[in-house]
Amino acid sequence: MITIENFILITILSPLIVCVLTPFTSKNTILRDFLGPIGGMISSWGALNIMSSALNNQNTTLEIVNIAEGVSIGFEVTPLGAVFGLVASFLWIFAAIYSIGYMRGNKEKNQTRFYAFYAMAVHAALCIAYASDLLTLFIFYEVLTFSTYPLVTHNQHDMAQKAGRLYMSILVGSSVILLLPAIIWVWVATGSLEMSQNGVLEGKLDATYAPLLLAMFVFGIGKAALMPIHKWLPAAMVAPTPVSALLHAVAVVKAGVFTMLIVLTNVFGIDFLAKTGASEWLIWLASFTLLATSIIAIYKDDLKARLAYSTISQLSYITLGGALATSMATQGAALHIITHAAGKITLFFVAGALYVGAKITKISDLNGHGISAPLIFLAFFVGSLSIIGVPPMVGSWSKFFLMLGAADSGYVVVIGVFCISTILNAFYLMEIPARAFFFKKEREINIKIPKLILIPTLITSFLTILLFFFIETFQNLTSMIVSRI
Amino acid sequence: MIDILIKNLPIIVVLCPLMMSLFVVLIPNIFFSWALTTLSTFLTFLFSILLYQEIQIHSHISYALGKWMPPIGIEYIIDKVAIIPIIIISGISFLATIFAYKIMPEEIEKKSISKVYSLWLLAIAGLLGLVTTGDAFNLFVFLEISSLASVALVAMGAHQDKQALVAAYNYLIIGAVGATLYVIGVGLLYGVTGTLNMADLTNRIADQNNNRALIAGFGFMIVGIMVKAAVFPLHIWLPRAYAYAPSAVSVLLAATATKASLYILARILFSIFENSENLINNTLLFVILPLSLSAMFAGTIMAIYEKDIKRLLAHSSIAQIGYITLAFAIGTKASIAAGFIHMFNHAIIKGGLFIAITSIGFYIKKRITINNLSGLGREMPITFFCFVLCSLSLAGLPLTAGFISKLYLIKASISSDGIWLAILILISSALSVVYLWKIIEVMWMREGKNIVKKENPAIYISLIIITFLNIYFGLDASLVVNGSFEAADKLIGDPK
């Protein structure tokens, strides 16, 4: 019988072990390449067990090192963390298989370095998921930024260097200048770095300061990509597509919104937020980001750039759900972490497949190519439907709960925001399969997609349908985020 | 035998390098003079560790030199405050000596090497004397010993670049002015109180409230020490001195020299003048605080625009000294503790960075400017990796020692209602990422010229040790943190 403590270790350490082993296996490329998928399977096995313990309401904590008095690195199982941990580790399996196809198909250089840092980034994301206190969260937040830098600048050309600089300056700058003092402020106010189910700040922090502290958190968490600190995400698209797919649609950005949700629920507490109205401005900011980036996305002809802006918009759904400060909205936000991850990773997989198969990056070049690669465009179609929120794709559930939450909180306008955004989503995503299948072909291109790319793409797109029928488990889990006693 | 050793430890720590420096000068052989220096720095380090253990038991050791009882005779005082700079100085100088073995003969004429080692030990003895002495005038003597020895060491860089002579001359003149100011201050204090013993001074100053001569004396002393500690804007001697000194000397000076003076500054502010609260509070608020803030930004911005890497690191040192004095300026127990934490951490960070950069200089045999570094990251992976880790530590990123300093500094400033101070500190530390990243990017991204075939273990061994310390004290900081809090407690604890 393996204890939950050990499952936490298994889950977070297997990517780290993959990272360490990768350089030593650089001679044997087959072994090196398949370390990732194997690590992903072991890691998600642990994450599944952690999730079932979270469902049974077990409380597990694990302290790793005690740095100084009251300062330590430790992990624990929370419902929200269990959700995020499972998403990150499970999708890593497919992203890892996909990377093999992509890196080989594209004949990229420095593959060993790529795989090592890729696993390192997953490790950091999982540590964030199970972090037991704010400091651990912050530490691995930074580790995640630094481990993705070599991935973003993988090609080492001038554009990648420039993008890398923007990426680092926004993410490191915002987190060091705002997030760190915000965390220490909580430490000073409450006397500890711990978080708790219903927030720790009530009665400890003067309500007049609450919006200021919240603002420091919101703008300090650059990974959640709220306007005006969203620029790093489109810039990061110079990275190879497996990076954009797993990291900039799942691990990194979800780590951002996960941190945001944790701060809103476990540091402030939704009661405290609702009582003081500290998060009202955040509702409007998130709504604005949500709509504005959807509109920007329409005008982007570069496929990855369009997906990036769509990601920013979808992240704002999650922040918005947290800011509404009702239990239903929080639940919707947490579910959206899962549903958007499954949908968006599929879309990025397709974007990468088109690049490897035919060097297509622009949407306007897609005209009429649907017939030559029907499966890949079908996967894109299914993924898009999920993001738009059409049943029977899983994306419809989270939107449903978010709208219920908006109604619950009394901000009826927000329901309108969700509706408009759904229309915009449909507009900019449907254009791609529409062009592929219905437009006239302009030139002949032979799209050849490697199996290692095609299979994970089909699996994740199938996942968006499958999850629709198994949402109940996750719903049980997310309903515990706020009301567990 | 052991008993006698333990009893006399406070003076042995100083005498060990002092006496050895006299022997080293007689040994013409390069290897043996180095070996003897290493031995003596190692012994000094060992004695400091013993002293540390003694302090854990007795918490305050007073040693009457030559059995002349204080306040008449010279008293040596070791307590929980003094032990921090003692450990820093003796530990870093040991590492720097190991590092010097290969580097020194490259940069200095063979025949003067033993003289350099002699000066080297003399400088270390001076610094340790500064910290251990409990006598205001004896402190001046050690101040001069360490300064003159360091000036001569800096001047040795002339074998490579004649600019070193100018740098040494600047250092000499400005340093002498600082020391003179200090001694004038001591004179005034002696005139008013009639004593030179620090503990005695503390008591007698209490009866002398608002004595103008006393205030003037205080001013002279503070300014004199601030010159030595390179507090902005009295830092102008430092960048050149660090940049043109021989590599090993840069390492030694950067990691240790200003630390001793900063310790003296804290002693004067919080211990000698602890009874003149008004005076100290005004000084902290209107002098030290604004100067520290300017240092933080001026140093960082100068570093961003600097092309010569050793100078860049020197400018960054000025900013880092700003953090330490800022911590003193806030004046709470937590902040002073943060100051001592950073004093320790900065020593291992800057030591590491200087070792990394100067060992690159060893291979490229040119002045180390940013353009000369292209692609070296891939040619010297070990040095580069250590450099990156030390840089992250300097920028205060998690899991490194620098993060611990920043954590406690920010916490101290937030708890004394200075959230804006905290933000300023963090902005300046985020800016420090700019100049560090500039270096890392050039070393990593640009194409190299294949200069370095293989890294020399004799050079990178000390780098690895010091980098390991940076990580270790980021993960298990309780030793440093507790030590610093005890020190702060001792300095301003339980007001009477």
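In α2(A), the residues A:D33, A:G36, A:P37, A:G40, A:M41, A:S43, A:S44, A:A47, A:L48, A:I50, A:M51 and A:A54 meet A:P79, A:A82, A:G85, A:L86, A:S89, A:F90, A:W92, A:I93, A:A96, A:I97, A:S99 and A:I100 of α3(A). By class, this contact of α2(A) with α3(A) holds 16 nonpolar, seven polar and one charged residues. The model is predicted.

**Chain A overall**

- Chain A contains 18 helices and two strands.
- Its radius of gyration is 21 Å, close to the 23 Å that the globule rule gives for 485 residues, so chain A is as compact as a globular protein of that length.
- Along the principal axes, the C-alpha atoms of chain A fill a box of roughly 70 × 55 × 45 Å.
- Buried residues make up 62% of the 485 residues of chain A.
- Of the contacts in chain A between residues at least 6 apart in sequence, 82% join residues at least 24 apart.

**Helix pair α2(A) and α3(A)**

- Helix α2 (residues 29-55) and helix α3 (residues 79-106) of chain A pack at an angle of about 160°, and their axes are 8 Å apart.
- That angle makes α2(A) roughly antiparallel to α3(A), the cut-off for this class being over 145 degrees.
- The crossing in which α2(A) passes α3(A) is left-handed.

**Helix pair α3(B) and α4(B)**

- In chain B, helix α3 (residues 30-58) packs on helix α4 (residues 83-107) at an angle of about 165°, with the axes 9 Å apart.
- α3(B) and α4(B) are therefore roughly antiparallel to each other.
- α3(B) passes α4(B) in a crossing that is left-handed.
- The α3(B) side of the contact consists of B:I30, B:W34, B:T37, B:T38, B:T41, B:F42, B:T44, B:F45, B:S48, B:L51, B:Y52 and B:I55. These meet B:I83, B:I86, B:I87, B:S90, B:G91, B:S93, B:F94, B:T97, B:I98, B:A100, B:Y101 and B:P105 in α4(B).
- By class, the residues of this contact are 15 nonpolar, nine polar and no charged.

**Contact between chains A and B**

- Chain B contributes 24 residues to the contact and chain A contributes 20.
- On the side of chain B that touches chain A, the elements giving two or more residues are α17 (401-415), α18 (419-445) and α20 (478-492) of chain B.
- α18(B) gives the most to that side, with eleven residues.
- The residues on the chain B side divide into 18 nonpolar, three polar and three charged.

**Buried positions in chain A**

- In helix α7 (residues 210-220) of chain A, the buried residues are A:A210, A:L213, A:L214, A:M216, A:F217, A:V218 and A:G220.
- Those buried residues of α7(A) pack against α6 (158-190), α9 (241-268), α10 (270-276) and α11 (280-299) of chain A.
- A:S132 lies in the loop between α4 (111-129) and α5 (134-152) of chain A.
- A:S132 counts as buried because 24 other C-beta atoms lie within 10 Å, the cut-off being 20 or more.
- Leaving out residues up to four places away in sequence, A:S132 touches A:T61, A:G74, A:F75 and A:E76.
- A:S132 and A:V77 are 55 residues apart in sequence, while their C-alpha atoms are 7.8 Å apart in space.

**Backbone exceptions**

- Most residues other than glycine have a negative phi, and most peptide bonds are trans.
- The peptide bond joining A:M227 and A:P228 is cis, with omega about 5°; A:P228 is in the loop between α7 and α8 (232-235) of chain A.
- Another cis peptide bond runs from B:F232 to B:P233, with omega near 0°.
- B:P233 is in the loop between α9 (212-229) and α10 (237-244) of chain B, and B:A230 is also found in the loop between α9 and α10 of chain B.
- B:A230, a residue other than glycine, has a positive phi near 60°. B:A230 is buried, with 28 other C-beta atoms within 10 Å.
- B:L399 is not a glycine, yet its phi is positive, at about 75°.
- B:L399 is placed in the loop between α16 (381-395) and α17 of chain B, and counts as buried with 21 C-beta neighbours inside 10 Å.

Methods
Residues are numbered from 1 along each chain as its sequence is written. Chains are lettered from A and ligands numbered from 1 in the order in which they are written. This is a predicted model: local features need pLDDT of at least 70, side-chain atom pairs count only at pLDDT 80 or more; totals for chains, interfaces and linings use all residues. Axes are lines fitted to C-alpha atoms, for helices over the stretch in contact, and angles run from 0 to 180 degrees between N-to-C directions. Helices (H or I, at least four residues) and strands (E, at least two) are DSSP runs, numbered from the N terminus. Angles under 35 degrees count as roughly parallel, over 145 as roughly antiparallel, 65 to 115 as roughly perpendicular and the rest as oblique. A crossing is left-handed if the near helix is turned anticlockwise from the far one by less than a right angle, and right-handed if clockwise. Two residues are in contact if their C-beta atoms, placed from the backbone, lie within 7 Å. Ala, Val, Leu, Ile, Met, Phe, Trp, Tyr, Cys and Pro count as nonpolar, Asp, Glu, Lys and Arg as charged, and the others, Gly among them, as polar. A residue is buried if 20 or more other C-beta atoms lie within 10 Å of its own, exposed if 12 or fewer, and partly exposed in between; C-beta atoms are placed from the backbone. The radius of gyration is taken over C-alpha atoms; the globule rule is 2.2 Å times the number of residues to the power 0.38.
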